[in-house]
Amino acid sequence: MAPTHTTGSGGIPLCQPITGGEAATHHAALDQVLGHLKTAGINAQLIQRRTDRCAITIAATREPLWHPPELIIYANAGWRVATVTIGPRSGGYRVELAQWGEDNEPRLDKVEVISGSHPECVAALIPGYWESAS
């Protein structure tokens with residue numbers, strides 16, 4: 001049976017694991033954005049998962065591997081508004097904003113990339129942030 005490549009809500013392949021140190025760095029960066037969102041009363045959840053079944057292992061150290069953390073932002077009705085991840089090479093924030101068509105049909109996400117030194121700019125992209133923050 002051929003392996004299937006599933007993706008997380010951020011479109012990141014689930015079998016692209018990162019080390020615990022990288023996961024902690026990503027988690028800390030996303031936590032800064034989460035702080036801005038929580039202050040404004042925006043619903044968000046930071047998800048971090050350890051890998052279970054990936055073919056990649058670090059044989060020398062047997063270090064546990066992690067999926068890249070995702071920050072998922074929800075509307076009050078529970079719909080996903082955006083997903084924020086950290087770019088694997090740039091270290092910048094990758095923001096995927098949900099888009100909807102005329103009949104509430106889902107469309108491709110709008111993707112923005114923000115410098116890793118500006119978590120406040122990520123929060124400012126989230127619909128409803130400015131109304132809640134003021």
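Trainee: What does the accessible surface of the protein chain come to?
Mentor: About 8400 Å², with 53% of that belonging to carbon and sulfur atoms; the method is Shrake-Rupley with a 1.4 Å probe. This is a predicted model, where local features need pLDDT of at least 70, side-chain atom pairs count only at pLDDT 80 or more, and totals for chains, interfaces and linings use all residues. Residues are numbered from 1 along each chain as its sequence is written, and side-chain values use heavy atoms, leaving out hydrogens and water.

Trainee: And how much of the chain is buried?
Mentor: Of the 134 residues, 34% are buried, meaning under 20% relative accessible area with a 1.4 Å probe, protein chains only.

Trainee: Switching to the fold, what is the element order?
Mentor: From the N terminus, β-α-β-β-β-β-β-β-α-α. Helices are DSSP runs of H or I with at least four residues, and strands are runs of E with at least two.

Trainee: Which strands make the open sheet?
Mentor: Five, in the order β2-β4-β5-β6-β7, with antiparallel pairing; a pair needs at least two DSSP bridges.

Trainee: Which ones are at the edges, and why?
Mentor: β2 (43-47) and β7 (106-114), because each has a single partner strand, so one side of each lacks a neighbour in the sheet.

Trainee: How many bridges join β4 to β5?
Mentor: Four, between residues 70-74 and residues 80-86. Tyr-74 has Arg-80 in β5 as its bridge partner.

Trainee: What does helix α1 touch?
Mentor: Helix α1 (residues 20-39) packs on the sheet, touching β2, β4, β5 and β6 (93-100); contact means heavy atoms within 4.5 Å. The direction of α1 makes about 170° with that of β2, using axes fitted to C-alpha atoms, for helices over the stretch in contact, and angles from 0 to 180 degrees between N-to-C directions.

Terms used. Buried means under 20% relative accessible area, exposed over 50%, partly exposed in between (1.4 Å probe, protein chains only).
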